[in-house]
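Q: Please take a close look at one helix pair in this model. I want the packing geometry, the residues involved and the surroundings.

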Amino acid sequence: MTAGHGHDGPFIPVEQYQSAILAAITPLPPVSVTLADAEGCVLAEDVTAAISLPSFDNSGMDGYAVHAKDTISSSERAPTTLQVTSEIAAGDTGTYRISPGTASKIMTGARMPDGADAVVQVESTDGGTDRVQVYRPVEPGNAVRYAGGDAAEGETLLSAGVRMRPMQIAVAASAGRRAVMVRPRPRVVVLSTGNELTEPGTPLVPGQIWDSNSYMLAAAAREAGALARRRSGVPDDPAGMLPALEEQLDGADLLITTGGVSMGGEHDVVKAALQKLGTVAFRKVAMQPGMPQGFGTIGEKRVPIFTLPGNPVSAYVSFQLFVRPALAALQGAGDLALPAARATLTASVRSPGGRRSYLRGVLDGDQVTPLSGQGSHQIAALGRANALIIVPEQDTSLPEGRAVDVLVLPLAAGQEHPPVHGWRRLRHA
């Protein structure tokens with residue numbers, strides 16, 4: 001991409017713009033982190049079993065380790081009586097042996113004594129200490145966890161590219177790993193420009209608005225696995241914008257600006273500042289909302305930067321379509337693509353010709369309802385949406401009952417995705 005001060009040239013398709021962005025993204029170098037710090041990171045190596053798991057035969061329940069053939073005739077009316085020769089607790093490293101006609105009282109996870117080939121659960125006995133009465137027969141292998149039954153030595157337990165969630169942390173720990181190689185969480189800085197912006201909670205004067213974009217985009221970046229911080233109230237002039245960008249370069253793997261990139265106005269401060277810092281192209285993407293886009297790299301480290309529109313809906317849709325895939329690429333991750341589905345419109349929709357529309361909607365099963373208030377500034381409707389309805393470039397309207405492609409939006413932690421039939425991936429997801 002080459003530097004440019006305006007949004008030059010014809011409209012470009014969404015997929016072409018996405019491809020240009022991903023071609024410029026290099027995954028972050030792997031680092032070694034302890035398991036305590038690995039949660040949420042993407043694994044950059046395979047984790048293999050250093051030893052067989054489990055490493056020894058052990059009991060799968062509380063009961064008595066026995067010779068299975070000693071219990072063949074056991075019943076409630078005619079129990080088998082066995083002499084208890086030992087008691088083995090979980091973690092006991094002693095060596096024990098039983099002979100025919102004897103048993104060891106054993107706890108869940110305790111090492112099986114030599115000679116035993118089954119465990120009788122305590123509920124099938126009288127719970128005796130010196131002698132135990134067994135009321136039910138057991139087969140060889142009953143309630144025994146055999147060495148290597150979970151994984152063999154050298155077996156791959158986790159593959160590079162998996163995100164380290166609680167289950168994966170447990171697997172790595174069970175393999176004896178104190179640390180793993182991961183792609184670190186990308187450090188994202190969001191800069192919100194505009195003299196009209198003020199912090200939420202402060203009194204408003206005429207001409208001012210509360211800054212929602214920086215909060216929204218930082219939260220979206222964190223939801224996509226990044227570490228994000230915000231820098232609000234960046235001055236609306238190149239002299240103030242330039243140092244604000246420069247001071248963030250050392251501590252950022254990706255920068256996002258919002259506002260100051262309209263179609264050629266005199267207050268397009270982001271464009272003016274970026275002329276002096278790096279190689280950024282401003283393009284017209286064939287989409288609505290979010291047509292004016294900018295992307296490139298700045299500084300000696302060639303930090304990727306996205307210049308998103310200032311309208312909140314435009315900024316949010318742009319993040320999901322362009323920034324989210326870039327964050328996935330930085331992490332070497334394959335789990336951040338938005339789920340996609342086919343759904344039936346419950347009402348008609350309109351769209352400008354030649355641009356792909358991403359309309360906010362509520363997805364419920366195999367139906368999707370367009371929300372009223374589709375303006376790029378109408379953030380209240382965005383807060384009710386759980387999906388984006390895709391209207392293709394060639395369509396200016398779609399009737400009620402038409403089947404459409406839908407992108408399912410990420411939801412807050414603890415929430416469930418709406419029920420969706422026929423989930424799949426779209427090229428532009």
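A: In this predicted model, helix 4 (residues 213-223) packs against helix 7 (residues 312-331) at an angle of about 25°, with the axes 10 Å apart. Helices here are DSSP runs of H or I with at least four residues, strands are E runs of at least two, and both are numbered from the N terminus. Axes are lines fitted to C-alpha atoms over the stretch in contact, and angles run from 0 to 180 degrees between N-to-C directions. The two helices are therefore roughly parallel, a label for angles under 35 degrees. Helix 4 passes helix 7 in a right-handed crossing; that is, the near helix is turned clockwise from the far one by less than a right angle.

Helix 4 brings Asn 213, Met 216, Leu 217, Ala 220, Ala 221 and Glu 223 to the contact. Helix 7 answers with Pro 312, Ala 315, Tyr 316, Phe 319, Gln 320, Arg 324 and Leu 327. Contact means heavy atoms within 4.5 Å. By class, nine of these residues are nonpolar, two polar and two charged.

Pro 289 sits in the loop between strand 20 (287-288) and strand 21 (292-298). At 7% relative accessibility, Pro 289 counts as buried, meaning under 20% relative accessible area with a 1.4 Å probe, protein chains only.

Residues are numbered from 1 along each chain as its sequence is written. Local features need pLDDT of at least 70, and side-chain values use heavy atoms, without hydrogens or water.

Note on methods: Predicted model: local features only at pLDDT ≥ 70, side-chain atom pairs only at ≥ 80, totals over all residues. Parallel < 35°, antiparallel > 145°, perpendicular 65-115°, else oblique. Nonpolar A, V, L, I, M, F, W, Y, C, P; charged D, E, K, R; others polar. Buried < 20%, exposed > 50% of the residue type's maximum accessible area, 1.4 Å probe, protein only.
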